[in-house]
Amino acid sequence: MKPILRLQDFIKIKDNPEIRIYDVRTGPNAVENYKSEHVKNAAYVSLDKDLAEIGDFKIGGRHPLPSAEKFAETLGNLGINPNSHVVIYDDKNGGNAAARFWWMLKALGHEKVQVLDGGLQHAKANNIEIESGDFKYEKTHYPSSNWNLPTIKIDDVEKATQDKDFVIIDVRENQRYAGITEPIDLIAGHIPNAINIPFAENLDDNGNFKTSEELHEKYKDIFDKHSKNQIVVHCGSGVTACHTLLAMSEAGYEIPNLYVGSWSEWSRNKL
């Protein structure tokens with residue numbers, strides 16, 4: 001199953017009773033905006049409450065992962081079981097928390113999970129049925145597991161900065177990487193020796209993901225030179241980094257290391 005669900009394929013399956021649709025938009029008015037309009041039968045998922053265990057930013061950054069056990073409990077409360085076909089979108093072309101939710105489900109071993117290409121905007125523009133209010137699925141049970149995709153801790157990232165066999169990819173926009181601006185964290189800049197491949201480059205001019213062939217070519221040089229264990233992907237707080245991991249998976253590559261703490265943790269500890 002491809003990780004990115006193209007809209008024409010979503011139309012074919014959206015009414016299947018096994019489908020579970022989730023809106024993972026973020027922002028100060030996310031809940032109100034969701035209640036105002038969302039894809040029919042989409043339940044809301046909160047990045048801060050459901051997909052992170054927020055605490056001291058110095059430990060784990062702004063969006064640390066919850067325990068796998070707690071996340072499994074969250075999935076049950078959301079109405080997801082191991083056989084559910086989960087479709088996720090946000091209002092930023094899949095470039096925000098939708099990809100994070102996808103990564104977390106894949107990390108737990110969930111097979112049938114996809115991010116809706118183009119997100120809410122593309123769905124609306126193509127006459128996908130939109131509704132208002134608050135939709136929820138009946139609660140179910142999701143068995144506990146462990147995180148099964150590779151992550152990397154801050155001290156190992158520091159070692160990687162001094163190891164020529166590793167590549168550290170910063171997916172933030174270039175102005176943040178270059179230290180010209182920093183709208184969120186306390187200090188501007190980037191991890192030493194990290195290269196910049198902004199996650200927005202995974203999208204075409206219409207805000208849809210590039211084809212799997214285009215994405216394969218985009219990351220071919222990285223994967224030709226490094227194994228997945230030698231690739232570290234990060235962003236500000238381990239959210240948009242998942243957009244690039246999603247694109248890499250769509251391209252047919254194995255998913256490399258996610259540095260969850262990302263710049264929000266690094267900038268509070270290593271500067």
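The chain carries 31 positive and 40 negative side chains, and the centres of the two sets lie 1 Å apart. In this tally Lys and Arg are positive and Asp and Glu negative, with His and the chain ends not counted; each charge is placed at NZ of Lys, CZ of Arg, CG of Asp or CD of Glu. The model is a predicted one, in which local features need pLDDT of at least 70 and side-chain atom pairs count only at pLDDT 80 or more, while totals for chains, interfaces and linings use all residues. Residues are numbered from 1 along each chain as its sequence is written, and side-chain values use heavy atoms, with hydrogens and water left out.

Turning to overall shape, the C-alpha trace spans about 50 × 40 × 35 Å along its principal axes. The radius of gyration is 18 Å, which agrees with the value near 18 Å for a compact globule of 271 residues; this radius is taken over C-alpha atoms, and the globule rule is 2.2 Å times the number of residues to the power 0.38. Of the 271 residues, 54% count as buried, where buried means under 20% relative accessible area, exposed over 50% and partly exposed in between (1.4 Å probe, protein chains only). Among contacts (heavy atoms within 4.5 Å) between residues at least 6 apart in sequence, 76% join residues at least 24 apart.

The chain holds 11 helices and 11 strands. These are DSSP runs numbered from the N terminus, with helices being H or I of at least four residues and strands E of at least two. In helix α4 (residues 68-78), the buried residues are Ala 68, Phe 71, Ala 72, Thr 74, Leu 75, Gly 76 and Leu 78. Their cover includes β2 (19-23), β4 (42-44), α3 (47-50) and α5 (97-107). Just after α4 comes Gly 79, with a positive phi of about 90 degrees.

Asn 41, not a glycine, has a phi of about 70 degrees and sits in the loop between β3 (38-39) and β4. Because its relative accessible area is 27%, Asn 41 is partly exposed. Asn 193 likewise has a positive phi, near 70 degrees, in the loop between α8 (174-177) and β9 (195-196). With a relative accessible area of 58%, Asn 193 is exposed.

Leu 116 belongs to strand β6 (residues 113-116) and counts as buried because its relative accessibility is 1%. Apart from neighbours within four places in sequence, Leu 116 contacts Leu 5, Leu 7, Phe 10, Val 87, Ile 88, Tyr 89 and Ala 123. Leu 116 and Val 233 are 117 residues apart in sequence, with 22 Å between their C-alpha atoms.

Ser 237 lies in the loop between β10 (231-234) and α10 (241-250), yet at 5% relative accessibility Ser 237 counts as buried. Its side chain makes a polar contact of 3.4 Å with that of Arg 62. Such a contact is a pair of N or O atoms within 3.5 Å; within protein, one must be able to donate a hydrogen and the other to accept it, and residues adjacent in sequence count only if both atoms are side-chain atoms. Leaving out residues up to four places away in sequence, Ser 237 touches Arg 62, His 63, Arg 100, Val 260, Gly 261, Ser 262 and Ser 264.
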